Amino acid sequence: MANYEPTPTKINKVLIANRGEIAVRVIRACRDLGIETVAVYSDADRAALHVRFADEAVYIGAPPPRESYLKAETIIQAAKKTGADAIHPGYGFLSEREYFSQMCQDEGIIFIGPPPHAIATMGDKQSAREAVKKNGVPVVPGTEPGLGDEELTHAAVNEVGFPLLIKATAGGGGKGMRVVRRAEDFGEALASARREAENAFGDGTVYVEKLIEGARHIEFQILADMHGNTIHCGERECSIQRRHQKLVEEAPSPFMDPELRRRMGEMAVKAAESVGYVNAGTIECLVDKDKNFYFLEMNTRLQVEHPVTELVHGLDLVKEQIRIARGRRMGPTGSFLEPKGWAIECRINAEDPYNNFMPSIGQIHTILVPTGPGVRVDSGVYRGYEITPYYDSMIAKLICFGEDRAEAMLRMRRALSEYTIMGVKHNIPFHQNLLNSFSFMAGKFDTKWVEEHFKMGTYEDDPNEAELETAAIAATLHAHRSRQLASQVVTRNERDTSNWKWMSRWERMQR
Ligand code: MV4
């Protein structure tokens, strides 16, 4: 199906069309493979780590993405000028633009990612639904493409039923989504979803799905080469999120069992095959309490959270991407890889968890980065680095590995307590609170849990630890006072429990 030339081609130099930690990550894989690298940078990134680590760097414009990292033509020219024979798009920016994959192909530059048609089909949420459905993949019951307002309303009321969800066809990130619980609210919700989609994507097309409540967000990593091999590399649990921003991911999912993994993995491979997918991709699924699962969408790029998969499957996904793009057979064989051990990733954002996750800018004047057994840090910052308002607030990913979930969590607690960042506010205290939360420890959470049940500085989800409440209140007061004293310093989580206490809670919970 793939219309790529499957004879191996050389890649001697890669241009990375991205910035920050992911650009650094890709440069590292290239270095490991002996491939030269070209960074691109905006005015805001002159002193960025990806510029320092690459062999060459090309200036591409002003800080706003539209004037630099989204300028496809300028980036292609930079590749030609430096003699790069391939482009890695990272995530975000141009990574899921069909035209960029096509432009690379037209210019004889290897795009380290999927072919244009796979990006296009999966980018349109309705054509994605139709494509995978034809291949026997379960989707949430919903409406067909091409319905006008009247037909859509009729189908919503008479076929889908309530509660339901209106979604934007061009969707993503929850934009243009509306929950509707009563027939009389449908008309208004439809109009406002259309308006929002039109504003966000320039396309007001929407469709309707049955609302799946209390579900978990579980995604499968896919690798496909040009020789017809498509495999999955297990799942990631991504339910710990806030306003469609993931905060913590883990692999495997605490909710998974081998039989469910086998069935969902098979489904994920079929979904990727339905569009002739090539390279790395992710199948996003919803899984309800009864373990019914549904395809939601496919992300046609390398994801932020790919390291947790790398750690439990012992592979380097960026190396595999490059190998696949060269027309080689992928490294891993067999259609299934069993996870070994446990990995958790905390996204370290320059956001204040005590103030509604408000983004913070400024200079990092002090930074101590954790290391030690089972700790990996993928970061784009260093001492003296200036965090600007132009890009997203994620400054690093802290990824911990252990033999089992408890060891991974204990190492994460250790690493979080070592991590010192001063000069900007950051969300390390959020992660520390989360790792002490009973629901998180028990793996009992869904996609709404952080927004609706988790509270900073309390253990209120914990029925057995009422005695810690007082300490928690004292710590909150202390934190508040300290913030008044030094507004750009986030205080440590002073009421942090000892590992002995943590382990005894863990053991109580396993019963
Ligand atoms: C859903 C859903 C419930 N039912 N579809 C959110 C963005 C897009 N990726 C799909 N999303 C959802 N689709 C049906 N039929 C709930 C969500 C959803 C969600 C999904 C994954 C991760 C976080 C989420 C947070 C809120 C809603």
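Biologist: Which backbone N or O atom lies 2.8 Å from a nitrogen atom of the ligand?
Modeller: That atom belongs to Lys210. The pair is a polar contact, a pair of N or O atoms within 3.5 Å; within protein, one must be able to donate a hydrogen and the other to accept it, and residues adjacent in sequence count only if both atoms are side-chain atoms. Please note that this is a predicted model, in which local features need pLDDT of at least 70 and side-chain atom pairs count only at pLDDT 80 or more, while totals for chains, interfaces and linings use all residues. Residues are numbered from 1 along each chain as its sequence is written, and side-chain values use heavy atoms, with hydrogens and water left out.

Biologist: Which side chains have an N or O atom by a nitrogen atom of the ligand?
Modeller: The side chain of Lys167 has such an atom at 2.9 Å, and the side chain of Glu284 has one at 3.3 Å.

Biologist: How much of the ligand does the protein bury?
Modeller: The protein buries 88% of the 520 Å² that the ligand exposes when taken alone. These accessible areas come from the Shrake-Rupley method with a 1.4 Å probe; for residues, only the protein chains shown count as cover.

Biologist: How many residues surround the ligand?
Modeller: There are 16, and the closest are Lys167, Glu209, Lys210, Ile212 and Glu297.

Biologist: Changing topic, where is Pro163?
Modeller: Pro163 sits in the loop between helix 7 (149–160) and strand 6. A cis peptide bond joins this proline to Phe162, with omega about -5°.

Biologist: Which residue does a cis peptide bond join to Pro252?
Modeller: That partner is Ala251, and omega is about -5°. Pro252 lies in the loop between strand 11 (245–251) and helix 9 (258–273).

Biologist: What is the phi of Phe93?
Modeller: Phi is near 40°, a positive value in a residue other than glycine. Phe93 is in the loop between strand 4 (86–88) and helix 4.

Note on methods:
Near = heavy atom within 4 Å. Helix = DSSP H or I, 4+ residues; strand = E, 2+ residues; numbered from the N terminus.
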